[in-house]
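Hello,

Here is the structure for you to look over. My notes follow below it.

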Amino acid sequence: MRSLRWLVLGTAMVSLILIWIVREQSRFQELRYDQLKAALEDGRVREIEIGNQQAVGTLTDGTGFFTNLPDRYDDLQRLVERKGVPLRYRRTLINAAAWQGLLTSLLLLAIFVGVLIFFWRQMQVGNQQAFNFAKSRARRYDHSQPKITFDDVADLEEAKEELREVIDFLKNPQRFQALGAKVPKGVLLMGPPGCGKTLLARAFAGEAGVPFFHISGSEFVEMFVGVGAARVRDLFEQAKAQRPCVLFMDELDAVGRLRFAGIGGGHDEREQTLNQLLAEMDGMEQNSGIVVISATNRPDVLDPALLRPGRFDRRIVIDNPDAKGREAILRVHLRGKPLADDVDIEKLAKQTAGFSGADLANMVNEAAILAARKAQDKLTMTDLLEALEKVIAGPERKSRLLTEREKKILAYHESGHALLGKLLGVREVTKVTIIPRGLALGYTLHLPQEDRYLMTKQEILDEMTVALGGRASEELVFGEVTTGAHNDLERVTELARRMVCEYGMSERLGPVTLGKKAGPIFLGRDIVEDRNYSEEIASEIDKEVRRTVEECYQRAMDILKSHRQALEMLAARLLEKETIDGEEVDEILKRAGVTSQRDGKRAGGSKDGQESSVRQSDG
Ligand code: ADP
Ligand code: MG
Ligand code: ZN
């Protein structure tokens, strides 16, 4: 924007000059022709110049004057001669008007030139950008940034091991060549969002000690066809110049999507980019000293060509952490933060089943913010638990006003979940609240006591029963149901469908898998389920699902009916206090003469099922 500054400066200068001229001119007074003649007559004129239909001169008192002359002014000339006033003739006497005109046009010219220069400069910058378009924009890993190492990555031991091997390849290629081993060209990290893929790659950069180029797939995809391909070419060019080195391509799915898959025949630009990428990877010799590492959370949408041998032939699957992993991740993130004595990391790890590494990092950060807001000098367990809820369900929204009746319905709904949860012992009920949080109006926090990889049929049925408890309670008490339960119903239906179709738990349909799902759940292919069964079976499935859900609902209803008093007491307390914790629930149940049948029984979400560790009753 320097040219703009010059333009402003120039305009200001010209205006100043103009103002000065005008002021100069105002020192000249205008005399009419007859006034001038009178002045001559009186001998008040010291000197005079004539020309161009104008007379300019000075009076004896020193002031200047000018006069516009008529067509003929012989009498004036004669008068001047007679009086002996010094006279000069000028061919082109530039008069004030001419001056002004000239200056105005000069000013306009200046502005015009300024604008021209400005645009020209812009154009030049644009040109440079146009040339830069094809540059890859890869950022070379900057070693001046605080170094992230494998120590900052908790868990993920296998992945780290694989990557250490890659470092080995790069540093001692001879050793592998001597044995005729082919060094992998590409490593693909696959895993759900937030599991630490990018973090792992950054740590790798910190450890590898070789140049490390980092680029995100989305940066390849530009508006103009061909740019992405040019960038890929440039990226590999850069890499070749600096080998041995590592190229990290984050979010590969942005470029590497299945070709021809888009609406209207696919995305030309992306296709070209992908083709170029494939060509470059093929063109790399086996031991060229370049390793391409890529990360994606959608390996299912990747073009199969990318996964063929000789390209990304090493694949590392990263999953969300288990309890041990979560503990390790929490320790990494709590490292260096002042902790109160009551903080029990192990317990937190157990209560966060289903959290990704990013969720855990987020939770610790939220806790730190909460503690700071309360001006504490240490992080307490309370902060961490509060943060946990916040991460699961969003922040509390105390401002959301519920009518008395809504509150009452909500209280019964949540009490239904809590009571059944306690009675069936599916999960540990740690908190029941009717304070809206996030999108939910109220919820019952059920935390699994540990990760589960296997669930029995009975446990799934229990889960479903608890989930239906809210709606059953509403019906029991108010004789009608509200929209508040739709989240519960969604979950229940999903569970029932899984029982029938995936787990083969239906007696009527038998132990078969109906419909085929490819790959782990996070791949997101659920939607395009292959149907390998007939219409008849489909309607059987629907019937089975319906029957299972209805049975669970009936069961929930029966249990609630036989524990009506406990339900009433819970709801009353909830209405009064809005939030009650697990121990208080126990205490109320005890007073109502109820003992939970399966107290302390372990339960929780199955590993591949995506059921969250919390149940939100309202959406
Ligand atoms: P993605 O797999 O989506 O690329 P990121 O690598 O960006 O996930 O992870 C997001 C954040 O989550 C990281 O910056 C880090 O703070 C945290 N995180 C995830 N996994 C781990 C882990 N294994 N150890 C420590 N922190 C982790
Ligand atoms: Mg990432
Ligand atoms: Zn509910």
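Is His417 buried or exposed? His417 counts as buried, because its relative accessibility is 0%. (Buried means under 20% relative accessible area, exposed over 50%, and partly exposed in between, with a 1.4 Å probe and protein chains only.)

Two points on the model before the rest. This is a predicted model, in which local features need pLDDT of at least 70 and side-chain atom pairs count only at pLDDT 80 or more, while totals for chains, interfaces and linings use all residues. Residues are numbered from 1 along each chain as its sequence is written, chains are lettered from A and ligands numbered from 1 in the order in which they are written, and side-chain values use heavy atoms, with hydrogens and water left out.

His417 sits in helix H15 (residues 404-424) and Asp488 in helix H17 (residues 486-501), so the pair ties together parts that are 71 residues apart in sequence. (Helices are DSSP runs of H or I, at least four residues, numbered from the N terminus.) Asp488 is buried too, at 1% relative accessible area.

Ligand 1

Ligand 1 is surrounded by 16 residues. The closest are Gly194, Lys197, Thr198, Leu199 and His333. (A residue is near if one of its heavy atoms lies within 4 Å.) The shell divides into 9 nonpolar, 5 polar and 2 charged residues. Domain 2 (139-317) and domain 3 (323-393) both contribute to this shell, so ligand 1 lies between them. Domain bounds come from an automatic or database assignment.

Backbone atoms also approach the ligand. A polar backbone atom of Ala154 is 2.9 Å from a nitrogen atom of ligand 1. Backbone N or O atoms lie 3.3 Å from a ligand oxygen at Cys195 and 3.1 Å from one at Gly196. Helices H7 (197-208), H11 (323-334) and H13 (357-373) each give two or more residues to the shell.

Glu544

Glu544 lies in helix H18 (residues 535-562). Glu544 is buried, with 2% relative accessible area.

Best wishes

Technical notes:
A polar contact is a pair of N or O atoms within 3.5 Å; within protein, one must be able to donate a hydrogen and the other to accept it, and residues adjacent in sequence count only if both atoms are side-chain atoms. Ala, Val, Leu, Ile, Met, Phe, Trp, Tyr, Cys and Pro count as nonpolar, Asp, Glu, Lys and Arg as charged, and the others, Gly among them, as polar.
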